[in-house]
Amino acid sequence: MDLNSKITTLKGVGEKTEKLLARLGIFTIEDLLEYYPKNYDVYEAPVFPEEVQEGKTAAVICTVMSPPAVNRATRVSSVTLKTRGPGRMLYMTWYNMPYLKNSFKAGDTWIFRGTPVNKRGSLTMEQPVIFKPEEYEEKLNSMQPIYPLTEGVSNKLLIRLIEQALDHVDLSREFLPDRVRSQYKLAEYNFALRQIHFPKDWEQMLTARRRLVFDEFFIFALAIQSMREHTRQVKNHYPMSPSPDCDAMIHSLPYDLTGAQMRTWKEIQKDMASENVMNRLIQGDVGSGKTIVAALALLQAAKNGFQGCIMAPTEVLARQHYESFTQLFEPFQVKVTLLTGSMTAKEKRGAYEKIAAHETDIIVGTHALIQEKVVYDRLALVVTDEQHRFGVRQREFLSGKGETPHVLVMSATPIPRTLAIILYGDLDISVMDELPAKRLPIKNCVVGTNYRKTAYRFIEQQVRLGHQAYVICPMVEESEMMEAENVIDYTARLKEALPSDICIEYLHGKQKPKEKNQIMERFGSGQIQVLVSTTVVEVGVNVPNATVMMIEDAQRFGLAQLHQLRGRVGRGDAQSYCIFVNTSDKKSAQERLEVLVKSNDGFFIAGEDLRLRGPGDLFGLKQSGIMEFKIGDIFNDMDLLKDATQTAKVLVEKDEQLTSPDHRELKDKLERYMKNGGDSLVL
């Protein structure tokens, strides 16, 4: 068994488990060992129910009062257990685990570990981990890894598989050159992998993490060097002359383009007319108007007789682009076609035929745009929106259908230019640092839970004025099913709090694409007035009539993600508002959220987030919209990122093809990285 071995070589991984692990991106032993913990639990001595505190994780020893109650009345079944200690009752609830109903008998003593919450006046632990007292004794004072999970994959399963892999795989072969490891005083790979999963203490974990973060940045930097070699000096097979229709579109818009938009448009025009193929990043804050600049580029491609496509990260956003582009391009006789994964086979066939026959000029869609069945006719421009990075493999795939197209990447990632140059090293960068002049700044406030009723009244007032609102539900990390249940439950409570004539619907990740699209269409047309949602609305969704964004449990999100969510309002002429509900009593949580009240500037917010998080916060907050590494953090680990990038640059200058015997293992590692998707790096 080696790092390349399939995950099925591990004992206990059959076809069903293989499919579940694939949802986590785990296909090989290396994928499994690089599926790092998001945090660690230190197992402290168990307490009695009367000693637990709401919101604070604890192990509680208690006695079962009666057999479990099973509720199958809702889409998600639940098992509820009533327990008690010397002075208090405590409820336990599990979702979609009906088999637990036969696990408990009245009078038995168990230890349950979880986070108590107040649910309808009773203290309840949801999805607690179950231990027999003797089992818990073995874990006492140990550091136990906590992994990101998906439905059907438990933390226990991952721990068991990782322990098995560590025992059977030879990790003694170092891929990092000795001189590099010595220069930066990095731990051995073998030590790092063992200690990141099962650390002896925090110090050993931090030592392991530093090595693995460097590895990840170093391999990434080598991949960027490889991509640069592919894209540098590639001949422009699709030179484009300026089209008068682009000027006509600019003049027809109901607003003036900002100076930053015009500057970026001129840079794109110059690229598309030059000798070499364009590879450009448009980096602009939420609401800076990146999409209209991309539309101009697509129009220019169409008017030069070529095809162009724009790839969105979600079907909701793809459909939105399709509808707006269809309307925008109609006066210029430019035809637009939609292509997404959820379309019927017949709809897809129709789209394929139009594309191949060049009966359409602009194709809008998701990753379905680069499926093998799609045959383009002179595809000259590929625009990737928000989270998609267009890598070597995708470029080569499309080149096989013709010549290398121009590539335009759009990102709302608010990071400093120096950092952007490292992360997007193979692209030219255009920064759009102005917002449209007519746009009113969003009014923000941070409130406690006691303000919730007032917030609901405010939402009602805005609806009565003809506007709409989003309510973002608290995040539930344990499983998508729990997140769905959370949204459904919250919607039911909100319907009780608001008048019955206000149409309230929910949106979450477990819904089918068709259902999501229907809900967003109804919300976009104003039929739905309040949308309760998870963060699926975070990227690019455009409903100008929405004026309120209320975010529950706001302190649990990264500031960059909150800024992205806030960007869903303030897109029309009316004054918009964002309400951040802080459910934490920590002073630091309030301080972080106040940053969003002070400023609507994404670059300022990103800098403040870095300052407030500090170098010790290694697992805290998801930074949506920012490049997601498995373990590295581009802000907290910026020094390591710079060191790794510089080291990669020096190494490639000396041995570009990594042919030296000292670099054999490194070359293998890089090839596996590129093969497994490192060439389509997600931003």
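Student: How many nonpolar, polar and charged residues are in the lining of the second largest pocket?

Tutor: Start with the classes: Ala, Val, Leu, Ile, Met, Phe, Trp, Tyr, Cys and Pro count as nonpolar, Asp, Glu, Lys and Arg as charged, and the others, Gly among them, as polar. Here the lining has 16 nonpolar, 15 polar and twelve charged residues. This is a predicted model, in which local features need pLDDT of at least 70 and side-chain atom pairs pLDDT 80 or more, while totals for chains, interfaces and linings use all residues. Residues are numbered from 1 along each chain as its sequence is written, and side-chain values use heavy atoms, without hydrogens and water.

Student: What is the volume of the second largest pocket, and which residues lie nearest its centre?

Tutor: On a 1 Å grid over the protein atoms alone, a pocket is an open set of points where a 1.4 Å probe fits, with protein on both sides within 12 Å along at least five of seven lines; lining residues have an atom within 4 Å of a point. Points are joined across faces, edges and corners, and the volume is the space filled by probe spheres set on them. The second largest pocket has about 1,500 Å³. Its lining has 43 residues, with Tyr-255, Arg-439, Asn-542, Pro-544 and Arg-571 nearest the centre.

Student: Which elements give two or more residues to that lining?

Tutor: Elements are DSSP runs numbered from the N terminus: helices are H or I with at least four residues, strands E with at least two. The contributors of two or more residues are helix 10 (290-303), helix 11 (315-329) and helix 17 (513-524). Helix 11 gives the largest share, ten residues.

Student: In what order do the seven strands of the open sheet run?

Tutor: Strands of a sheet pair through backbone hydrogen bonds, either parallel or antiparallel. Two strands count as paired if DSSP finds at least two bridges between them. The order is 13-14-12-15-16-11-17, with parallel pairing. From one strand to the next the twist averages 20 degrees, where angles run from 0 to 180 degrees between N-to-C directions of lines fitted to C-alpha atoms, for helices over the stretch in contact. Strand 11 (279-284) and strand 17 are joined by five bridges in the parallel sense, and Gly-284 stands opposite Met-432.

Student: Which strands does helix 9 lie across?

Tutor: Contact means heavy atoms within 4.5 Å. Helix 9 (259-273) lies across strands 11, 15, 16 and 17, at about 160 degrees to strand 17.

Student: How does strand 8 pair, parallel or antiparallel?

Tutor: Each partner has to be read separately. Strand 8 (122-126) runs parallel to strand 5 (89-95), with three bridges, and antiparallel to strand 7 (116-119), with four bridges. Met-125 of strand 8 stands opposite Met-92 and also opposite Pro-116. In the hairpin of strands 7 and 8, with two residues between the strands, Arg-120 has a positive phi near 55 degrees.

Student: Is Gln-511 buried or exposed?

Tutor: Buried means under 20% relative accessible area, exposed over 50%, and partly exposed in between, with a 1.4 Å probe and protein chains only. Gln-511 counts as buried because its relative accessible area is 5%. Gln-511 lies in the loop between strand 20 (504-507) and helix 17. Apart from neighbours within four places in sequence, Gln-511 is in contact with Tyr-506, Lys-516 and Ile-519.
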